[in-house]
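Please look over the sequence and structure first.

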Number of protein chains: 2
Amino acid sequence: MHNTQRPLRIALAGLGTVGAGVIRLLEANRDVIAARAGCEIEVVAVSARDRNKDRGVDLSPFAWEDDMTALASRDDVDVIVELVGGSDGPALALARTALENGKGVVTANKAMIAHHGLALAEAAEARNVPLKFEAAVAGGIPVVKGLREGTSANRIERIYGILNGTCNYILSEMEDTGADFAETLEEAQRLGYAEADPSFDIDGIDAAHKLAILAAIGFGARIDFGNVRTTGITRVTAADIAQADALGYVIRLIAEADVEQSENGARLLQRVRPCLVSKDHPLAPVDGPTNAVVAEGNFSGRLLFQGAGAGEGPTASAVVADLIDIARDEVGAPLSVPVSQLVKMDPVESGHRVGLTYLRFTVADRPGVLAEITAAMRDADVSIESLIQKGRIGDGGDVLVAMVTHEGPEKSVTQALDLLEGSASLTAPPLVLPILPD
Amino acid sequence: MHNTQRPLRIALAGLGTVGAGVIRLLEANRDVIAARAGCEIEVVAVSARDRNKDRGVDLSPFAWEDDMTALASRDDVDVIVELVGGSDGPALALARTALENGKGVVTANKAMIAHHGLALAEAAEARNVPLKFEAAVAGGIPVVKGLREGTSANRIERIYGILNGTCNYILSEMEDTGADFAETLEEAQRLGYAEADPSFDIDGIDAAHKLAILAAIGFGARIDFGNVRTTGITRVTAADIAQADALGYVIRLIAEADVEQSENGARLLQRVRPCLVSKDHPLAPVDGPTNAVVAEGNFSGRLLFQGAGAGEGPTASAVVADLIDIARDEVGAPLSVPVSQLVKMDPVESGHRVGLTYLRFTVADRPGVLAEITAAMRDADVSIESLIQKGRIGDGGDVLVAMVTHEGPEKSVTQALDLLEGSASLTAPPLVLPILPD
């Protein structure tokens, strides 16, 4: 698509942290980029909401478009870099128009790819133009390329990891300080590790977007964001982290996907949830806003990719790496195989999966409560490996009961909790955290 | 180069563990490979020393060539997969002939690329055919692609890691068992983690080959294997590992490269040597035959790639990933930029580099020895942070004196050792292990 005799000409939509970072990077590393790309990468035009905002970069060399979508109609542009964000709206309109007009698209927009990646990839394939989104998953870590090119010879058996820096920062801070969730979130907001409206991050939606993208590439499945079962970190308390620590674990928000063969074809399990992670596991030392992804291939074995999951520099690094791929003409099917060959996989009912589970109950401090809980466990055939009852927590008269089960089916735990549903002994809904299998 | 309407036809030279693994992988993952590659990858012909050896794979579908080089002249072959090994000899003859005949080459041969990579890459560029060697570095970890494509937007500031599984296995076994080097090496040989002639591994040469390749790609430098300063692990004792442990470190064979700007242009520092690694460092938990590579980019920040560094499955995974790249026509300059644009970098004299150093002396047990050593340190301006003198070691009457210096120039340590050269107090040459900077 790209004629390597002349510069690759790009237009930038969105000039927030990452957009300004891309301009800075292209300037700072101009020589190495040109050597590797085989040509200059030149910003031709830009668009953002406010023309006059000071972004610390000189916009005067670039044409300005008030109407973002107009970038996609410029004859002097080869590739649109979409850094506006949002699953729909202007970002999607721009990406669609660009691909229809035969221009390549590079984006950091995980929500848009999770929701509309199939349609966009089809549009890109139809016109044989690139659609690339390394920056949409795990910031500066080249994990889309890692799966698309690095592990391409493998049947991927499982993909899991830490895909949200905000949650990982909060959980590892709670671990270090002993502070509770709300307090740590506030601190994270103050330091810029969490947004003013943090729900996309702390509810696990951002990690779910990224997981849905990785699962599609790794397993050759149609992107299915709607079936990522997602639990955030808002109910994890300092007491849970202390209990986990005593048992030899840390708590991390883990995004995890695998494929199960069934009579009706392959089924996809995708979930995001806080898990107990053994301190011996390679993901346990991953702290702060760092991201890490593990991919297990049937020949490669376990591969780990780790690095900065967000931020101006790392995200710009991923955006420009995609541009260099395009300049080199090293582009192919956006999702590794053509959309027409991606398999539609139904979601797995995971009740038959076996594992260890951490359960925490907040209960009234009166006789018989422990007997009630343990009876429910017995009746649901959940075998308890260890149990700790801790004195009063917080200001109220509540008591914390934490336990780890022996290995057993997930549905037994669900059944035990159903038996306890509505019990007057429980003063808050129980918290269930799976223990990440090795 | 490759016409995607028909299979990519390959010839395999060398049918050892990896060669047989490639055949097994292509068979086991045929469907996913075809989907991702956009065509079948078909073995057409093979060659190895012994036609009749049982390799656990059926060779009957493939043409056999007694003369390996003849593979490179077959009209029905697009790509030669060279898995013979050895920096020169038949492997090099085959690769040269293949490229001259306009065929692509995929190889796992680190020695050949470290010694002849520039000439081979030039030959590949001249004919516009692919030369790929993901499997030559760190087995199944896609770190060549990680540097070539993943971090391509960055000025790489430093590359370092654990690149030899045999050494890492031996060092982490010594750590776990308290056994000494010779004993652990024997055990590693028995288990297949070390070759009958282990010198390439334990002397650090294998890691040096890999480092020279990564440095070229990361820094845009001409490959310069001759200037990798290499020290193996043979002199590390159980006592050193115990001392390191007491100080909060593990010992790992670290391959490390960086670039220094000088008046006369960029200079390259490449070295392989056992180092003390803080237990907090991401490389410390890397044990057994695992490999891990850290690349620090000026925008990406620190990236870590980790996985199996050798073995049939992982190495075959890397070989076939290269074949898929070729089938997709996603190939470019073998060393990321054309050979003509790689910079010839002189080696750095590293004496001015500052760091912490671990020093271990084996000394006669008599008065005045400690005074002699500490006086030499003082005279060379080496400041000692901690010192441990341990009672008699082994069967003789020797005493172990271990110390860690404060941060200071490397040349001061060298100077102190020069002052002690020939001293009758030292019963063995001292061991110097740098402490890996964070």
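**Strand pairing and chain contact**

Thr230(B) has Val272(B) as its bridge partner in S10(B). This is a predicted model, in which local features need pLDDT of at least 70, side-chain atom pairs count only at pLDDT 80 or more, and totals for chains, interfaces and linings use all residues. Residues are numbered from 1 along each chain as its sequence is written, while chains are lettered from A and ligands numbered from 1 in the order in which they are written.

Strands around S10(B)

- S8(B), residues 229–230, pairs in the parallel sense with S10(B), residues 265–278, over 2 bridges (strands pair if DSSP finds at least two bridges between them; helices, H or I of at least four residues, and strands, E of at least two, are DSSP runs numbered from the N terminus).
- S9(B), residues 249–262, runs antiparallel to S10(B) and is joined to it by 14 bridges.
- These strands, S9(B) and S10(B), form a hairpin with 2 residues between them.
- Glu256(B) has Arg271(B) as its bridge partner in S10(B).
- S13(B), residues 346–347, runs parallel to S10(B), with 2 bridges between them.
- In S13(B), Pro347(B) is the bridge partner of Leu268(B).

Contact between chains A and B

- Chain A and chain B each give 46 residues to the contact (residues are in contact if their C-beta atoms, placed from the backbone, lie within 7 Å).
- On the side of chain A that touches chain B, the elements giving two or more residues include helix H5 (143–150) and helix H11 (312–327) of chain A.
- S12(A) pairs with S12(B), residues 301–308, in the antiparallel sense over 3 bridges.
- Gln306(A) has Leu304(B) as its bridge partner in S12(B).

Note on methods
Two residues are in contact if their C-beta atoms, placed from the backbone, lie within 7 Å.
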